[in-house]
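Good morning, and thank you for coming.

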Amino acid sequence: MKNSIKYFGFLLLGASALTSCSDSFLEEKQNYDATGQDVYNYYVGAKGRINDLYGWCLPNVADMNWQYPSVGRGDEAGKSTEEYTGFSKYLNGTDAPMQSATTTNQVEDYFGGANMDNVQQAVYGTIRNINNAIEGIEGGTLTQEQKNELLGQAYFFRAWTYYKLVKWYGGVPIVDKVLEPSPSAFTQRSSAKACFEFIIADLDKSAELLRPYTINGGWESSEDYGRVTSGTALALKGRVLTLWCSPLFNRAKDPDRIKNAYETMQKDLSTINACGYGLYGEGDPGVNASSFANMFATSTKNPEAVFVTLYNTLVDFSGYADNVKHNRWERDIRPANTGGGGYTASQMMVDLFPMSDGKAPATYTAYSKLANSTITYDHQYPFMDRDPRFYRTFAFPGVRWAYKTIGYGDATAMDPHNPSYDKGANYVLWNYNWFYNGDILDIDNNSYRGADNISKAGGVMVRKKSDDLDVNAAVYDYRPDGQGAKNGGYAVPFCSAAPLMELRYAEVLLNLAEVACLAGHTDESYAILKRIRQRAGYTGDCGLTVSSDEATCMSAILYERQIEFAYEGKRFDDMRRWMLFDGGAELPQGAPSTWLPSGWGGNTCTWLGFKPFNGQRRESFMYQVNWENVDEYSITTARQDYDKDPLLEYLNDNDWTRPAGVDLRKDLTQQLIDLKDFYKKYLVYTERPGDDRNTDKSLKYINYLPKYYFLGFSQGVSAHNQGLLQTIGWEDYNNGGALGTFDPLAE
């Protein structure tokens, strides 16, 4: 890396200001700036360097970028799946394809190319920092036991960093030592196979070195909760092997590769279990999947949390303390009248969730090989008879969604038009809308209001991973007066300490189920699917129709992943590795025929019986006041204010009221029937455009280009790394815009 390698030669011993700090190891605030090799001769100093790596490498609740994976927000990943509407850069190939040799609509950069001048903002700066720690510890005078404990964590983070690169680019330069800042240090891209072998070797080292410290239920001290373990390393290895076996990297469906992955992951499971990991709440699903909900807000030792980032609710009135680490997810998903903005789910995502019998609605036909439910589904009342996880994933008008306030007033302190709901203890989401003149929805008409001071969020909101007061009462503070903790210079209404689980035990099992299916052990795959569903509250056959057909079994696994991991940032990776946009049958320009998925019948979508995502659209919807029943209360120009909800006025004048919020702590059957009756009379389901339209208002359709399965380097990366080969299908900035020649699949 000729032009940028000088930035990798600096001694990187940054302060240990960590992303996660719920427990004491995460609150250590040693400063190791401008220190040399001597720091590695002392356990406290060397451990501080490892703590520093956590700060550099742990996932965070942010939009996906080179440093952080997607966590389920409406970022470029979320908007590329069924979960959200609005075209991402990946889906807009018809009009605005991403480019690699120009600054116009540049390809997404997960290499840090635009920030090569700042070593902390480039991926190989992170790798250099890790290599520096590894070399320093290995060359220090600590005991071998102390070295092993620390090196095991460093090797994990190097593997984690390379995994994030390889899943996008295929093969990347392998740099396993601190390089001198000279042109001779340039390192060319390695094959994907070599990169996978390197990652797996690091993870095996990590698992072996950490074994004495974590194999008996995890780290002995509770102060070390949140550190990676042998189980974390082997769980990530399982994810890596699953990717290596998937059609993205295994176009010919190599049986030996699959067999090796299955046997390895099956063997590794015992070590993962021995580190204390397992399904949270297994055997006790609670009421309406309350165990499923509670695992996301459990800040103490959680068996589900295999790879986790911890947070806290510490208060900093100055806005500068670096040990204040809040999880902003809760603030973002909450509606506007409780300090957030809310995430609105697409109609497609709401419609695809299973019915209460565990089968997909008959109206959802993406997986043609799976049996559909015989329960009638009406998308106007999507909350009726659904999978228990539906109610923990979505919030809809009329559902209880309580929160806690600690000594800082209630929502009205932020805005007098916000309802109090007993300071949040009995909060009910009412997010229907109405138009000033009572007209039907016009897609370009912004003249409408929202109930309870929630404007323009009239559909179904994302509730997943919520700090719900009804399932967990001690994880967050709500500070609506703006006098609470600060983060980035602004008030944070929700100061949440909910952990962020990047890799949880359910994924460990589903990764194993996937390779077991491909290895011919579909019975094992269905047994795993049954465990996952039993944790959610299913009984009996859990709605699974067992089939020995490999493609049918794989469809069931991919469908289960969609439901179990909804809004956790996993779907885009699944869609890419299974090439669900077009099946992989169309090759990028310049790609060899070996890129065709020959082992999957030439088209993965056809093999699975999955409807390709390309050519589809995702729409949105809202509920608005039924003017036919409350027309006498239509809003006039003189009454366009927050306090004139026409439905509330009508109900109050007739001595009625809105129903009590649907309480997930109780049986839902009659509650949902009553809510449906209310909807029928007073609310109207209204479709809204979701994905983009052309300037003439004609519809645009999803078009993910074949070259996007393996990304090319942006102009910024190429300019800083002359000589670095460009990926097939992408123009090479360093070669006059000629197509790249690097084949990620060549061995």
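Let us begin with R504, which counts as buried because its relative accessibility is 1%, under the 20% cut-off. Please bear in mind that the model is predicted.

With which residues does R504 pair? One partner is E564: their side chains form a salt bridge, with N and O 2.9 Å apart. R504 belongs to strand β12 (residues 500-504), whereas E564 belongs to helix α14 (residues 550-564), so this pair links parts of the chain 60 residues apart. Another partner is E568, where the closest N and O atoms are 2.7 Å apart. E568 sits in the loop between α14 and α15 (571-577), so its bridge to R504 ties together parts 64 residues apart in sequence. E568 is itself buried, at a relative accessible area of 5%.

These residues belong to one network of salt bridges that share partners; among its other members are E304, D387 and K464.

As a further example, consider K237 and D204, whose closest N and O atoms are 2.8 Å apart in a salt bridge. K237 lies in helix α6 (residues 230-245) and D204 in helix α5 (residues 192-214), 33 residues apart. Is each residue buried or partly exposed? K237 is buried, at 4% relative accessibility, while D204 is partly exposed, at 34%.

Finally, the wider setting. The structure holds 47 salt bridges. The chain has 20 helices and 14 strands, and buried residues make up 62% of its 747 residues.

Conventions: Residues numbered from 1 in each chain as written. Predicted model: local features only at pLDDT ≥ 70, side-chain atom pairs only at ≥ 80, totals over all residues. Heavy atoms only, no water. Helix = DSSP H or I, 4+ residues; strand = E, 2+ residues; numbered from the N terminus. Buried < 20%, exposed > 50% of the residue type's maximum accessible area, 1.4 Å probe, protein only. Salt bridge = Lys/Arg side-chain N within 4 Å of Asp/Glu carboxyl O.
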